[in-house]
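Me: I want to learn how to read a structure like this one. Please take me through it feature by feature, starting with a single residue.

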Amino acid sequence: MENNPQIRSSDYLPEDLIAQILVKLPSKSVAKLIVVSKLWSSIIRSKSFIDLYLERSLTRPCLLFSFHRINRRFFHSISQEAISEEATPECSYTNTSSFPLSLDTRLPPLSYNVCTPVRGLICCQDLDKVVVSNPSTGQFLVLPKLNTKRKQISRFFGYDPIEDEYKVLCMTVLQVSYDYVVSEEHQVFTLGGTEKKEEATWRMITCKVPHCPATQGICIDGVVYYGAWSFNSKSKGSLIVGFDVRLEEFTLVKLPDGVEIYYSELVNYQRKVALANHSYNGKFELWVLDKQEWSKISVMVPSWKYLFGRDLFRCRGAISSGKFIFTPLLSAWKSVIIIYDRKEEIARRVEIEGMEDRAHHMKVFLDHVECPILF
């Protein structure tokens, strides 16, 4: 009896149809399907498929929770639409996805420092290593060692939509004197685009505006923004730095009078960089930067004491619907977020199930999207 010939998907399914099917699957499942055939692997790794997948994912953003548990870094994502549309005043949610990221289970919890996600990817530091990871698939890429002997390093992660390149920006900090600290050894690592992975390396770039990074960064439309201190006589004090990912140039943005970066949270507000001050009583100010001009939005969250108690919460920004997201500033209420609808004047507390047991160093990121990029 003769064996039936093996039927391959490529024998009867056109490539564009295969791509249309794959794009509807979770990225974790897509990553497993590269072993089906060389054709499927080629489709999944192609730029056209990645763009198609991200185009769909960008319409379904998530909240990404990052925390340590038993010396491992976990990521959990929850649909922003599902959370924001819930009508009940108090409710609980179960995590929709999770995947542990662990380069070494013996690492202490503070060994990780996660940057804000950019188009589905994150950058974090694992002791002396810089790592780029896809939390949706659990894959990671350990970058080559930085060209420096200094230990204090600031990292930022951005994306250039024109050249379709992700870039990691690292800089060391030099203390010139007791009251003068400045960044130096600015280095960039490029992922994607036309540069081959085996040829990619850290490149030194020039920074013409002396400053010292003070906050994490957020990437908006090809520019990474972060808070900083300047000791220059012309721009002394706290300010915002903008790093153009494509041009690899730095610009300084002065803060509004009376606003200090130390007492504010750098957030993304409707695709604009903004500063939100911390609040104990539900009243806070949001300064929004638009075309190099600052405008102020005053917000009063109702039922603050009922929702927050005496704990200090920070504003994490606003999701696409315009609703504000608050998370605890300190370790209390690790698995709680507050959603505030400014138009309807309604605030709700949302408890996240499954993360309250031995979860430490919790971070919450807005507008995370699933990404099929493989390393």
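Predicted model: local features only at pLDDT ≥ 70, side-chain atom pairs only at ≥ 80, totals over all residues.

Reply: Start with E285. Its relative accessible area is 30%, so E285 is partly exposed.

Me: Which residue forms a salt bridge with E285?

Reply: First the general idea. Side chains of opposite charge can pair when their charged atoms come close. Here K296 is the partner of E285, with the closest N and O atoms 3.5 Å apart. K296 sits in strand β19 (residues 293-300) and E285 in strand β18, so this bridge ties together parts that are eleven residues apart in sequence. At a relative accessible area of 45%, K296 is partly exposed.

Me: Are E248 and K167 buried or exposed?

Reply: E248 and K167 are both buried. Now look at R316 and E265. They form a salt bridge with the closest N and O atoms 3.2 Å apart. R316 is in strand β20 (residues 313-318) and E265 in strand β16 (residues 264-269), so the bridge links distant parts of the chain, 51 residues apart. R316 and E265 are buried too.

Me: Next, aromatics. How many aromatic pairs does a search of the whole structure find?

Reply: Again, the idea comes first. A pair of aromatic rings is described by the distance of the centres and the angle of the planes. The search finds ten pairs. Take F284 and F324: their centres are 5.9 Å apart, with 85° between the planes, and the pair is edge-to-face. F284 belongs to strand β18 (residues 283-290) and F324 to strand β21 (residues 324-328), so the pair ties together parts that are 40 residues apart in sequence.

Me: Are these two rings, F284 and F324, buried or exposed?

Reply: F284 is buried, at a relative accessible area of 2%. F324 is buried as well, at 1%. F324 also pairs with Y340. Their ring centres are 6.4 Å apart and the planes meet at 20°, so this pair is stacked. It links distant parts of the chain: F324 in strand β21 and Y340 in strand β22 (residues 336-341), 16 residues apart. Y340 counts as buried because its relative accessibility is 1%.

Me: Which residues form one aromatic cluster?

Reply: Y269, F284, F324, F326 and Y340 do. A ring face can also meet a charged side chain. R119 lies over the face of Y159, at 4.1 Å from the ring centre.

Me: What does the side chain of Q80 reach?

Reply: It reaches the backbone nitrogen of D367, at 2.6 Å. Q80 lies in helix α5 (residues 80-85). The residue is buried, because its relative accessible area is 3%.

Me: Now the surface. Which residues form a nonpolar patch there?

Reply: W229, Y262 and Y263 do, with about 390 Å² of accessible area together. W229 is part of strand β13 (residues 223-230). With 31% relative accessibility, W229 counts as partly exposed. A patch member needs over 30% relative accessible area, so W229 qualifies on that cut-off.

Me: One more. How far apart are the C-alpha atoms of Q216 and L266?

Reply: They are separated by 8.0 Å, yet the two residues are 50 residues apart along the chain. Q216 is in strand β12 (residues 212-220). At 32% relative accessibility, Q216 counts as partly exposed.

Notes. Residues numbered from 1 in each chain as written. Heavy atoms only, no water. Patch = residues over 30% accessible without salt bridge, like charges linked within 9 Å, V, L, I, M, F, W, Y side chains within 5 Å. Areas by Shrake-Rupley, 256 points an atom, 1.4 Å probe, with all protein chains shown as cover. Salt bridge = Lys/Arg side-chain N within 4 Å of Asp/Glu carboxyl O. Helix = DSSP H or I, 4+ residues; strand = E, 2+ residues; numbered from the N terminus. Buried < 20%, exposed > 50% of the residue type's maximum accessible area, 1.4 Å probe, protein only. Phe/Tyr/Trp six-rings, centres within 6.5 Å; stacked < 30°, edge-to-face > 60°. Lys NZ or Arg CZ within 6 Å of the ring centre and 35° of its normal. Polar contact = N/O pair within 3.5 Å; in protein donor to acceptor, adjacent residues only side chain to side chain.
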